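Hello,

Here is the structure I promised to pass on to you.

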Amino acid sequence: MNLSTRIMTICILVATAALALGYGLNRQPIGVLVFVALGLLWLVGQRYALRAFAGLGMLGFTGGALLGTLYGVQSGWMLVGITAALVAWDLHHFIQHMRVSEQAETTPEDAGERADIEGRTDAEARVLEHLHLRRLAIVSGLGLLLGTLALTVRLTLSFGIIVALGLVAIYGLSRLVHYLRQESD
Amino acid sequence: MRRLLFLSLLVYGLIIAGLATLHGNAVALAMPLVVYLIAALFYSPEKPRLVITRTLSTSIVHHGAPATVTLTIHNQGTQLEEVLIEDVVPQGLTITEGDPWIQQSLPAGGKTEFSYTVEGKRGSYPFRYLHVTVNEHLGLFRHQGWLEVGGSLMVLPEMLQLEHLDIRPLRTRGYAGPIPSRLAGSGTDFFGVREYQLGDPLRWINWRASARHQHGLFTNEFEMERIADVGLILDARQNNNVVVGNDSLFEHAISATAGLAEAFLNDGNRVGMLVYGRGLEMTYPGYGKVQRERIMQALAHAKTGDSLVFESMDYLPVRFFPAKSQIVLVSPLRKEDLSPLTRLRARGYQVLVVSPDPVAFEAQKHAPIADADASVQLALRITRVERELMLRRLRRVGIQVINWQVDKPFANVMRTALIRPIIPINRIVRIER
């Protein structure tokens, strides 16, 4: 098992454990079961390289974290869970991307042998993997840090300011996504 | 793009839910996703400025020989965190070594190259496009597109090696060569006897004939040996081709034509070629290695085809071939070809037909005939008899026909068929008496 796959598996387990623990500590056994099942489902999807399972897992864990926060589960566990799920989701796509580029130009005969990223010996692939993991580690670490700060720092704002900030945030995000889509096209 | 949308929707969902429920912790959960999005945006790649050149180790290769394709990439823009360049290998080529793609980081002004080796069957293979994908490490933003980087590889047909071929066209050309010209002059083969003329070498005097006549001397004459015009016709009519599995009778005909062209050109003859089928693809007559290359390239491009005009051989452009020259037709033949070939012979052309046997080819490729039912065996016998009759009719009008079963070595078949009959020495003595 290569480094990315190992980290992804660990992240799925961490996300599952964090959310399950959060719900467990809040005495909500159904939540524990749901997230253990979701984690297992994601692991199975990863085993069989099913791309949709990553999206499903990410959506499930985010929704679960949101619900948990709203229902009084300790937000720290939820933040850890959502960050770990983000890393796993990213790595799932990264591994798929490497597999697709590997298979893109190989003949059907040798595609089977070479489909797994583990078989890839190119130095370039290893370099790319390390660069990706480094970037991901920085991004997820920073996200976790900022998330923790956001959870700990308390500001009291009036309702009007909150609404205004919310609208500005939504507008800003909309413009950002619009711009990004244009750039990508 | 779908990932970007998905992540954006999650961020929206968390923020809206947090605002709607006035729950700041829900908004805080969006923080890792927002950081991820911002990082991807910050490192999003600019439009790549790549200069890519393609080099082929050789543009023309012989059948079965490998060719190496090398692609050199020069990044003239900003740093590319992750670039995937995939070459589109023309259909029909097989990659024997290396990969036709590369995926790596490329710094600003950086250079890289990759190469792979291909092999292919006869034909022309144009390389045209490369697919380039550039993205940042997180893979949310990417540029992709096609770059046109040309190149071409031609795979020459397999050539069946032949030794010298004995042909006897009615007319030869003016230069010395290996073909008996039916004219008296300097040569090695005895041609006749004539009266002695001043200047004849003494060793050419036929003393026996001279002794029988009181009033003169007689000199031996020899047959001049010259080069000739040879016209090759390759039958490329789709209806005449037999394809069983991956094997095609036309491919055997092409290999035979290549071998014949090589053998005739090696003897110094002037050789032209006509591919008759889809249209008229002519290689005008010429000599030597240059002509050999021309013919090989024409054969590399040759394809079978249908044409209402050229369905029969009635429209064979006879003027393409010099009068009374040697014509070699490589064709599986069909009944309708008898009449045009007979006319060709009647015009004074020396016609040699090399006919890859379609019946034997098909029978051999299918299940063993011994196991087939009686009706199949009967059908096969009838077809064989019909073909044999057709070939006999051709032989009867003075056309040399070589029925070639393609599983047999072509050189052996040609040697056996074109061997010049040697008159036994005792028979010569009897004639002189």
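Below is what I found in it.

A word on conventions: this is a predicted model, where local features need pLDDT of at least 70, side-chain atom pairs count only at pLDDT 80 or more, and totals for chains, interfaces and linings use all residues. Residues are numbered from 1 along each chain as its sequence is written, while chains are lettered from A and ligands numbered from 1 in the order in which they are written.

Let's start with where the chains meet. Chain A brings 45 residues to the contact and chain B brings 41 (two residues are in contact if their C-beta atoms, placed from the backbone, lie within 7 Å). On the side of chain B that touches chain A, α1(B) gives the largest share, 12 residues (helices are DSSP runs of H or I with at least four residues, strands are runs of E with at least two, and both are numbered from the N terminus). That side of chain B has 26 nonpolar, 10 polar and 5 charged residues (Ala, Val, Leu, Ile, Met, Phe, Trp, Tyr, Cys and Pro count as nonpolar, Asp, Glu, Lys and Arg as charged, and the others, Gly among them, as polar).

In α6(A), residues including Val139(A) and Leu142(A) meet residues of α3(B), among them Val35(B) and Tyr36(B). The residues of this contact of α6(A) with α3(B) are 10 nonpolar, 3 polar and no charged.

Finally, chain B is divided into domain 1 (2-42), domain 2 (50-155), domain 3 (184-225) and domain 4 (229-418), with bounds from an automatic or database domain assignment. The C-alpha centres of its domains 2 and 3 lie 72 Å apart.

Happy exploring!
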